[in-house]
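Take a look at the sequence and the structure shown here.

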Amino acid sequence: MTGGGGGGWTRFVTARPRLSLLLALVVTALAVFAGGGVADRMGSGGWEDPDARSTYAAEVLEREFPASQPNLLLLLDAGQGRVDDPAVAAEAERLTAALAAEPGVTGVGSYWRTKAPLLRSEDGRQALIAARVQGDDKTATATLDRIAPRFEGTRGPVSVSIGGPVAVQREVTTTIQEDLLKAELIALPVTLVLLVLVFGSAVAALLPLGVGIVAILGTNAVLRGLTEITEVSVFAQNLTTALGLGLAIDYALFIVRRYREELAAGKDPAAAVATTLRTAGRTVLFSALTVAVALSGMLFFPMYFLRSFAYAGVAVVLLAAAAALVLLPAALVLLGDRVNALDLRRLWRRGRAAGRPDGSGRGWARSTALVMRRAPVFAVATTAGLLLLGLPFLGVKFGTVDDRQLPSTAASHIVQQQIRDGFPGSPGAGLVVLAEGPADDAAYAAYRGRIAELPGVLRADGPVRSGEYAYFSVLAEGEAVGQKAQDLVGEVRAVDAPFTTSVTGQAAVLVDAQDAIAEQLPKAGVLIAAATLLLVFLMTGSLLIPLQAVLLNALSLTAMFGAVVWVFQEGHLSGLLGFTATGDIETTLPVLMFCIAFGLSMDYGVFLISRIKEEYERTGDHEGAVRAGLAKTGGLITAAAVILAVVMVAIGSSRVTNTKMLGLGIALAVLMDAMVVRGLLVPAVMKLSGRATWWAPRPLRSLHDRFGLSEGESAAPPAPVGRAAEEAAAPVPERVG
């Protein structure tokens, strides 16, 4: 599939642009209908391993002992009174009975019924009613929506606030939906302004936005369909918006830029589109495949939180590429020269001579030449700097998601913070051991005694029995998911028992999630690396370039990981950015951020490498091809990175900490990759590797000749090196972008 003709699809698009556009618009309209209400069907959990023993134990406990796994807490505040005052106790008993009578609520208990010290604040002015809301995330949220107005607020002598995991999940979902709308309202107009600055033409600037909107709408339809057969996280919608806009703009930028180059070279619109699809179109296809491969690595992990991002990411990438290769070419054929209409930079350019090259291209050519003259210095200094920025990640600590994801003013966050500050413990915060099988009182007592003797155990209670099931509650020293609690999980699991035991609780869920990630991470890494190496080889025919691409892309992510720990774990800039530092990072976030950032880095890498290869095939001059490739794409890659960073920063303006971390972290990674790695490290490394950059052993070369794909016009013979290569480094005329 090298070079050659444009193929059947190219001929169809250029010959029947109106029909192509109509078919695409009909599909988009159907997607709008199919994707309606997708957010209401999404869950806000998915961080646990569904196959882990901790998950199994939690499911059995919810069924057999719902009071052992409370997810709803009513915080009753007696104001200036005491929780043991008769009037307060009477109202608390009324609320407890009313909650127990609600459909979908079970396992209701309270301080006033149990006198458990954990359910009473240390100052005696607050106490808790705990319950289990049944069902999955969506069902539990619907139940809470129904019952909350009947309980919260002032009730006689007490004021009632609602907390617990189900209240936190509800507020997280609502906050994400509100923040996503705000992010779109910020990102769309700012992106349009930046696109106008890049293209000059308002018409050309609107095209990438149109492609992005189509990709987002199509992905929402895909996610809506997936919610019928599997759990999908509400967090995935943020990725849909970010990648839908970002990648669609990337792809459209390169296609429109190449189309305008071909128009400037004198081709008619249909011929210009055909050439564009054979060149930039193939690069877009390769880029989409590499990004999709990186995102598909998350399918290896059992947590539906990560799998949801794979579903959303792969769908939006492929749809963005499809829209860029279907909608956009058809629109360009119909627009013709009018793609340059409404040129808002005309006044700025009026003083320039007609056809004078854009200085920014010359700037990229000069900076690349400087880097290549001092290649060893730039290669060593840039690599050392990136590794230095990544050092904080060596101190990463992993934890779980809790109410502190929400802003400090969120109602459920306030309730949970009051419990942390004023109560001796929190319902559901310790470890719970499920026991299965027949046993007598002596066996249970002996087992409880062995657990109580373990270092780090404050107390062990139980058993609570139901038939052949029983459970023990274990309270550990320190934080609920701290290192002591995590270590205790393994120690409890190692205690001998004459019956089958399973340990659950926040720390156990965290340990099992870490084990699942550690088990699947090598498989995901091998898939991403192998597929990326293969795709880049098929594009370049080189043995060295795919290795360089993988290593340099991974190196570009160090600053992101270092910043995540320094800012979000250690709490630097928490006041400025408006979040609560918890001292750890949610376990799945680094995996998610790696897959997204690695894919986006490959996106820019493919665009740059493809243009360098095209210039090398045309001139035969390695160094001239590197200079020319950066001169013709460096500014465009930087513009695309800035626009994508704007979208990610808009996502990062979320009030939910994980979303903020994701948006701001990816924005930093994108900018570092486009400006530092592509601008400094890539030309330095390619200078050091010289013409060996393009070498491959004969068997691999034969394989590429047979199966490889490439960008560019295949019939063009290599031009002589020297002056021709210097001319190749000159940027395109101002008119083309």
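The points below cover a sheet, a helix pair and a loop residue.

This is a predicted model: local features need pLDDT of at least 70, side-chain atom pairs count only at pLDDT 80 or more, and totals for chains, interfaces and linings use all residues. Residues are numbered from 1 along each chain as its sequence is written, and side-chain values use heavy atoms, leaving out hydrogens and water.

**The sheet**
- An open sheet is formed by 5 strands in the order β2-β3-β1-β5-β4, with antiparallel pairing.
- Strands are DSSP runs (E, at least two residues), as are helices (H or I, at least four), numbered from the N terminus.
- Two strands pair if DSSP finds at least two bridges between them.
- β2 (105-110) and β4 (153-155) are the edge strands, and each pairs on one side only.
- β4 is joined to β5 (residues 158-163) by 3 bridges.
- Gly153 stands opposite Val160 in β5.

**The helix pair**
- Helices α19 (residues 506-540) and α20 (residues 544-555) pack at about 135°, with axes 8 Å apart.
- Axes are lines fitted to C-alpha atoms, for helices over the stretch in contact, and angles run from 0 to 180 degrees between N-to-C directions.

**The loop residue**
- Glu231 is found in the loop between α8 (202-226) and α9 (236-264).
- Glu231 is partly exposed, with a relative accessible area of 26% (buried is under 20%, exposed over 50%, partly exposed in between, with a 1.4 Å probe and protein chains only).
- Leaving aside neighbours within four places in sequence, Glu231 contacts Asp136, Lys138, Tyr304, Ser308 and Tyr311 (heavy atoms within 4.5 Å).
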